Amino acid sequence: MDDLQWLDRLSEQGYVLWDDFLGDALAQQVRADVVEIFASGLGRPAMVGRGEQSAQLSEIRRDEICWLEDTAPWPAISQFMAAIETLRQCLNQHAYLGLKQ
């Protein structure tokens, strides 16, 4: 998508589908890293609820989650996080959203 054209689409439609946001090579590397993360047991069952009232209810959620940090030891994940941070900064600058990390 050219320059800030995606911002126009976001303001008009309320969402943007951005084909090739990461590029094929990085998207494949991110996928491989995610597969490795879950294969190595770093994922954990997703919970429902908050705080002390949170519970693992497999009849509601059967997925696993893993919070990613921008200091992740996987280079592709770090590049993905950098791309998301650039997107956040652009939204803050051009759409005045005030998004925080």
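## The loop at Asp 20

Asp 20 sits in the loop that connects α1 (5-13) with α2. In this predicted model, the phi angle of Asp 20 is near 65°, which is a positive value in a residue other than glycine. Asp 20 counts as exposed, because its relative accessibility is 52% and the cut-off for exposed is over 50%.

## Overall architecture

The protein has three helices and two strands. Read from the N terminus, the order of elements is α-α-β-β-α.

The C-alpha trace spans about 40 × 30 × 25 Å along its principal axes. The radius of gyration of the protein is 17 Å, whereas a compact globule of 101 residues would have one near 13 Å. Of the 101 residues, 18% count as buried. Among contacts with a separation of 6 or more, 42% come from residues 24 or more positions apart.

## Packing of α2 against α3

Two packed helices are described by the angle between their axes and by the distance between the axes. Helix α2 covers residues 24-39 and helix α3 covers residues 75-95; they pack at an angle of about 120°, and their axes are 8 Å apart. That angle makes α2 oblique to α3. The crossing of the two helices, α2 and α3, is left-handed.

On the α2 side, the residues in the contact are Leu 26, Gln 29, Val 30, Asp 33, Val 34 and Ile 37. On the α3 side they are Pro 75, Ala 76, Ile 77, Gln 79 and Phe 80. By type, the residues of this contact divide into eight nonpolar, two polar and one charged.

## Ile 37

Ile 37 is part of helix α2 and belongs to the set of α2 residues that meet α3. Is Ile 37 buried or exposed? Ile 37 is buried, because its relative accessible area is 1% and buried means under 20%.

Leaving aside residues up to four places away in sequence, Ile 37 touches Leu 42, Gly 43, Cys 66, Leu 68, Trp 74 and Ile 77. One of these, Ile 77, is also among the α3 residues in the contact with α2. Ile 37 and Trp 74 are 37 residues apart in sequence, and their C-alpha atoms are 9.1 Å apart in space.

Key. Residues are numbered from 1 along each chain as its sequence is written. This is a predicted model: local features need pLDDT of at least 70, side-chain atom pairs count only at pLDDT 80 or more; totals for chains, interfaces and linings use all residues. Side-chain values use heavy atoms; hydrogens and water are left out. Axes are lines fitted to C-alpha atoms, for helices over the stretch in contact, and angles run from 0 to 180 degrees between N-to-C directions. Helices (H or I, at least four residues) and strands (E, at least two) are DSSP runs, numbered from the N terminus. Angles under 35 degrees count as roughly parallel, over 145 as roughly antiparallel, 65 to 115 as roughly perpendicular and the rest as oblique. A crossing is left-handed if the near helix is turned anticlockwise from the far one by less than a right angle, and right-handed if clockwise. Contact means heavy atoms within 4.5 Å. Ala, Val, Leu, Ile, Met, Phe, Trp, Tyr, Cys and Pro count as nonpolar, Asp, Glu, Lys and Arg as charged, and the others, Gly among them, as polar. Buried means under 20% relative accessible area, exposed over 50%, partly exposed in between (1.4 Å probe, protein chains only). The radius of gyration is taken over C-alpha atoms; the globule rule is 2.2 Å times the number of residues to the power 0.38.
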